[in-house]
Amino acid sequence: MTTDPSASFEPHRRRLLGLAYRMLGSMAEAEDAVQEAYLRWHDTDRDRVDEPRAFLMTTTTRICLDVLKSARVRREAYVGPWLPDPVTDTDALAPDAQTELAEDLSVALLLALERLSPLERAAFLLHDVFDYSFTQVADALDRNEAACRQLATRARTHVRAARPRGVVPPRGASGSLDPKHAELVSAFIAASRSGDIEALTRMLTSDARVVSDGGGKVPATLNVIEGGDRVAAFLAGVVRKGWIDEMTVRFDTINGLPGLLLSGPHGLVQTTAFEFDGDRVSAIYVVRNPDKLRHLASS
């Protein structure tokens, strides 16, 4: 093994960051966790480590479990709905695994993970997303294999129940927005700007919802808006206020979903991700908390 800790750590950074982001739902906290894993790697007798990948994944998992203890308390006091930090470059968080969920960074999945216990979350991610054997999961969580199987099974049941069908749309070349969904989003924006509530309602599922995360730092709805008719009326009202007319709008994928980045004179103000059920919008996820946009604004 090379004596340079950085050279032996860097090949694993993307995988570790992908694990930490899925565990924590925060890019800032994920980056801090990976940095802490590097510091521990730096201070470890690396010549005695047989499998650096397993060592680093275990180390990062345990760091994230510690972070989640305090994160749970903070989120109980969070103002309004909580959403994970939006990401546009999902390839940078890829797990290098061929599992069903390997490329899924959708908001729906991350919210489903948020409802799990920390140990359920870790067992599920390590096994179902990062393709770890239960022997490896047991080593990482310091539990026996039977207990880890039970943790993953419970988590899998919750995740399957919470994830809507077809939540991850097909993407175009190099992860770009799929033309079909780009067209649907464009039509939806046009209907919103026209203020035509009937047209908007037709483009929404009957149980559509808007989830807006301002974190108490900027204006945002404090409750989830549910029902196609209520969502349509809300969006038409936002347009009437003229706020969106002052924004520069750019299409992008947000957590693998069709999305928009809205910027004002001083930079990025909001991300909006659209979840589709067929040709209709089933959910709109809006992140306005500036702390959660900082990593995108600086990229």
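This is a predicted model: local features need pLDDT of at least 70, side-chain atom pairs count only at pLDDT 80 or more; totals for chains, interfaces and linings use all residues.
1. On helix α12, Arg294 and Ala297 are exposed, and they lie on the other side of the helix from its buried residues, which are Lys292, Leu293, His295 and Leu296 within the span 290-297.

2. In general, an α-helix has 3.6 residues a turn, so residues three or four places apart point the same way.

3. Helix α7, residues 134-141, has Phe134, Val137, Ala138, Ala140 and Leu141 as its buried residues. Viewed down the axis of α7, these fall within an arc of 165°, so they line one face of the helix. Among the elements that cover them are α4 (52-76), α6 (118-129) and α8 (145-162).

4. The residue that follows α7 is Asp142, with a positive phi near 55°, and Asp142 belongs to the loop between α7 and α8. With a relative accessible area of 62%, Asp142 is exposed, since the cut-off for that class is over 50%.

5. Asp96 sits in the loop between α4 and α5 (107-114), and its relative accessible area of 46% makes it partly exposed.

6. Leu24 has its place in helix α2 (residues 13-24) and is buried, its relative accessible area being 0%. Once neighbours within four places in sequence are left aside, Leu24 is in contact with Glu29, Ala30, Ala33, Cys64, Val67, Leu68, Arg75, Trp82 and Arg121. Leu24 and Pro118 are 94 residues apart along the chain, yet a distance of 9.5 Å separates their C-alpha atoms.

7. Val129, in helix α6, is likewise buried, with a relative accessible area of 1%. Not counting residues up to four places away in sequence, Val129 touches Arg22, Pro95, Ala97, Thr99, Leu101, Ala102 and Phe124. Val129 and Gln35 are also 94 residues apart in sequence, but here the C-alpha to C-alpha distance is 22 Å.

8. Turning to the chain as a whole, its secondary structure comes to 12 helices and six strands. The radius of gyration is 20 Å, close to the 19 Å that the globule rule gives for 299 residues, so the protein chain is as compact as a globular protein of that length. Along the principal axes, the C-alpha trace spans about 65 × 40 × 40 Å.

9. Of the 299 residues in the protein chain, 52% are buried, and the chain exposes about 14,300 Å², of which carbon and sulfur atoms supply 49%. Among contacts between residues at least 6 apart in sequence, 65% join residues at least 24 apart.

10. As for charge, the protein chain carries 36 positive and 42 negative side chains, and the centres of these two sets lie 4 Å apart.

Notes
Residues are numbered from 1 along each chain as its sequence is written. Side-chain values use heavy atoms; hydrogens and water are left out. Buried means under 20% relative accessible area, exposed over 50%, partly exposed in between (1.4 Å probe, protein chains only). Helices (H or I, at least four residues) and strands (E, at least two) are DSSP runs, numbered from the N terminus. The arc is that of the directions from the helix axis to the C-beta atoms. Contact means heavy atoms within 4.5 Å. The radius of gyration is taken over C-alpha atoms; the globule rule is 2.2 Å times the number of residues to the power 0.38. Accessible areas come from the Shrake-Rupley method with a 1.4 Å probe; for residues, only the protein chains shown count as cover. Lys and Arg count as positive and Asp and Glu as negative; His and the chain ends are not counted. The place of a charge is taken as NZ of Lys, CZ of Arg, CG of Asp or CD of Glu.
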